[in-house]
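Please find below a colleague's note on the fold and on selected sites.

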Amino acid sequence: MRNYKRKTERGKVSIELLQRAADAVIKDGRKLKTVARDLEICHMTLFRFVKKLKAGVTPTVGYYSRQVFNQDQEKTLADYLLKCSSIYFGLLPEEVRKLAYSCAVKFGMPNIPVSWHRNKEAGSDWFTSFLKRNPSLSIRAPEATSAGRASSFNRHNVHEFFSKLGDVILKYNLLPSRIWNLDETGVTTVLKPKKIVAAKGVKRVGAIVSAERGTLVTVELAANAVGNTVPPMFIFPRLKYKDLFIRDGPTESIGAGNSSGWMTAKEFLIFMDHFIKHTKPTPEDPVLLLLDNHQSHVDIDVVEKAKANSVIMLSFPPHCTHNLQPLDVGVNGPFKTYCAKAQENWLRNNPGKTMSIYEIPGIVKHAWPLAATPNNIMNAFKKAGISPYNPDIFTDEDFAPSFVTDRPMPDTANISLELGNLEPQLQELADVNEPQVHHDMETIPGNEPHPAIIESATNEPQPGPSHIANLPNNVVIQATSSTFSPEAIKPLPKAPPRSCVTTKRRIRQSAILTDTPEKNALAEEKARKVKSNSKIKTKVEKRVKKNKVTGTNKRKKVASKSANGKENVKRKVLQDDDHGSDNEEETMEWYCIICCNLYSNSRPGEQWIECVMCKNWAHLKCLKSEDVHSYVCQN
């Protein structure tokens, strides 16, 4: 019975009370029924207890339960499930039941029910009772987290960021009021409605929104460690920006426009002028600006402007802003909540109307002061460990998701040498201790084997708990059949060693962007792109001349962005050219010849058309008429 209700008080007498009563009968010589009546104990219960004591048998108290796992084994299983959840590889209830059956069979549990063998898994009643006996566990709906975010937030990346942050603070003697953080966030005309009061049991509960899909407006926000803010900037998806777009926005806010409504280097340069105007950095009193590695932030023109105006730019490690960036930690969440409430109020006050992007500045004017309170901002900087400076703010639990891919960068020479040096010592350890030894060689830094392994191999101590305790952390001894360990049945997932193949794409890291080496590297990177684009332009011009002579390839080419990726949409002009290299095709970037915006910044579903003469591309919406069958540009 799943929910049994006790009807009597039998089996509730404590063993201490029975022991005291038995001592009174055996040692003091009192009558058994008299002692049972005085202590309010059933005389037959006391009789059986005394009989077992006299026979030398250890008596038991209460009802006997045929529990499959004892208390220690269930605690081990619960700890294993918590470990799997902390590394973002939690088990489903069905997987837990199958694991319990495998553990019961593997370690020879005596009380395995017949239904477990028949179904090859533990029962649902056992799983329900297991959760009740272990209140630290519950069935939760996990939040989807990208593998890049889970693996990048590790001790190495965080330590590197805090090391550079501490050096900058000490070098320039920065106060909290001079430490700023900026971030972009998107506000759409359609946000998810909040919970409302409705009829109980109704299957569908609706709320009015402006449209099926909203239009995005990017909002650039900035705050410092003492709770001050800079008026935000709005980027509208409009080619021709007008100041009347932000007439209802926050005081002294600014705006810009482009085809996509996303932040680009051109708009970020405008915000940098706005930021410098309000923060007033000087060579004697510079400003530290913390930001992510977005393409618009690492543009060489932006970095040069920042350095010329005494703004020190320090970038976060990639995929770590969810814990390190103060605006993401404690401000953007409340900001979106207040924006959703303000949108609901607008729809109630304007029934039958559709919200456009020009109402968003008014929404932000209401929501931003409520979210960006000094208390919220200062607590966000504190939680991120930036102000006050605390490099040890994150614990092992915060770094647990990176356990699966926590491995160093490949170094073939060092790895091969480590494998050669450590294999004999580990084999001797395995012979001495008999349990199977698994090692992750790439986690041992340097070319020399670990001292603990050398000492263990040379001295050959006797096996025992002290010998196992002296092993290094990277050597894991799996449990034998005598030690209950779910990890022996289902090991924790671990990624294989990193590939030694290098990629052309540069992986951004935490860096002081305004330092001369970093700035020079960004300048060289941009120069290479310009040079590559010039080569491609030359080949395109040659191809155009060839087409003019032959009169071929004069047909309409319209491409739309598809879910298969941008590679399927780009029309590679050099595809038919025998002299075109693969490297040049991979580095090609297309611009609209009317609005000059990048193809990589296109909005989903945006259509492009190719000029049949010069073979360059343009937005279909940039033309005066979208009903175009053959396009020849004004050039």
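**Note on the predicted model**

1. Among contacts (heavy atoms within 4.5 Å) in the protein chain between residues at least 6 apart in sequence, 69% join residues at least 24 apart. This is a predicted model, in which local features need pLDDT of at least 70, side-chain atom pairs count only at pLDDT 80 or more, and totals for chains, interfaces and linings use all residues. Residues are numbered from 1 along each chain as its sequence is written, and side-chain values use heavy atoms, with hydrogens and water left out.

2. The protein chain has 23 helices and 11 strands; these are DSSP runs numbered from the N terminus, with helices being H or I of at least four residues and strands E of at least two. Of the 635 residues in the protein chain, 40% are buried. Buried means under 20% relative accessible area, exposed over 50% and partly exposed in between, with a 1.4 Å probe and protein chains only.

3. Six strands form an open sheet with mixed pairing, in the order 4-3-2-1-5-6. Two strands pair if DSSP finds at least two bridges between them. Strand 4 (254–257) and strand 6 (311–315) are the edge strands, each pairing on one side only. From one strand to the next, the twist averages 25°; angles run from 0 to 180 degrees between N-to-C directions, and axes are lines fitted to C-alpha atoms, for helices over the stretch in contact.

4. Strand 2 (residues 216–224) has eight of its nine residues buried, so it is largely enclosed by the rest of the structure. Strand 1 (residues 179–188) runs antiparallel to strand 2, and nine bridges join them; in this pairing glutamate 184 stands opposite glutamate 220 of strand 2. Strand 2 is also joined to strand 3 (residues 229–236) by five bridges, again antiparallel, and alanine 223 stands opposite threonine 229 in strand 3. Strand 2 and strand 3 form a hairpin with four residues between them, and glycine 227 in the turn has a positive phi of about 100°.

5. The pairing of strand 3 with strand 4 is parallel, over four bridges. Here isoleucine 235 stands opposite alanine 256 in strand 4. Helix 14 (residues 332–349) packs on the sheet, where it touches strand 1 and strand 2, and its direction makes about 35° with that of strand 1. Helix 9 (residues 155–172) lies across strand 1, strand 5 (287–291) and strand 6, running at about 165° to strand 6.

6. Which residues make the contact of helix 4 with helix 7? Helix 4 (residues 71–86) and helix 7 (residues 124–133) pack at an angle of about 85°, with their axes 11 Å apart. Helix 4 is therefore roughly perpendicular to helix 7; angles of 65 to 115 degrees count as roughly perpendicular, under 35 as roughly parallel, over 145 as roughly antiparallel and the rest as oblique. Glu74, Leu77, Ala78 and Leu81 of helix 4 make the contact with Trp126, Phe130 and Arg133 of helix 7. By class, this contact has five nonpolar, no polar and two charged residues. Nonpolar covers Ala, Val, Leu, Ile, Met, Phe, Trp, Tyr, Cys and Pro, charged covers Asp, Glu, Lys and Arg, and the others, Gly among them, count as polar.

7. Helix 7 also meets helix 5 (residues 93–106): their axes come within 10 Å and cross at roughly 100°, and the two helices are therefore roughly perpendicular to each other. Pro93, Val96, Arg97 and Ala100 in helix 5 meet Ser124, Trp126 and Phe127 in helix 7. The classes in this contact are five nonpolar, one polar and one charged.

8. How many disulfides does the structure hold? There are zero, a disulfide being a pair of cysteine sulfur atoms within 2.5 Å. Cysteine 592 is in no disulfide, and the nearest cysteine sulfur, that of cysteine 595, is 3.5 Å away. Cysteine 592 is buried at 1% relative accessibility, and cysteine 339 is buried at 0%.

9. Cysteine 595 lies in the loop between helix 23 (582–586) and strand 10 (607–610) and is buried, with a relative accessible area of 18%. Leaving aside neighbours within four places in sequence, cysteine 595 is in contact with Leu239, Ser259, His619 and Cys622. The C-alpha atoms of cysteine 595 and alanine 618 are separated by 8.0 Å, the two residues being 23 apart along the chain.

10. Tryptophan 617, in strand 11 (residues 617–619), is buried with a relative accessible area of 4%. Tryptophan 617 and tyrosine 631 are 14 residues apart in sequence and 9.8 Å apart in space, C-alpha to C-alpha.
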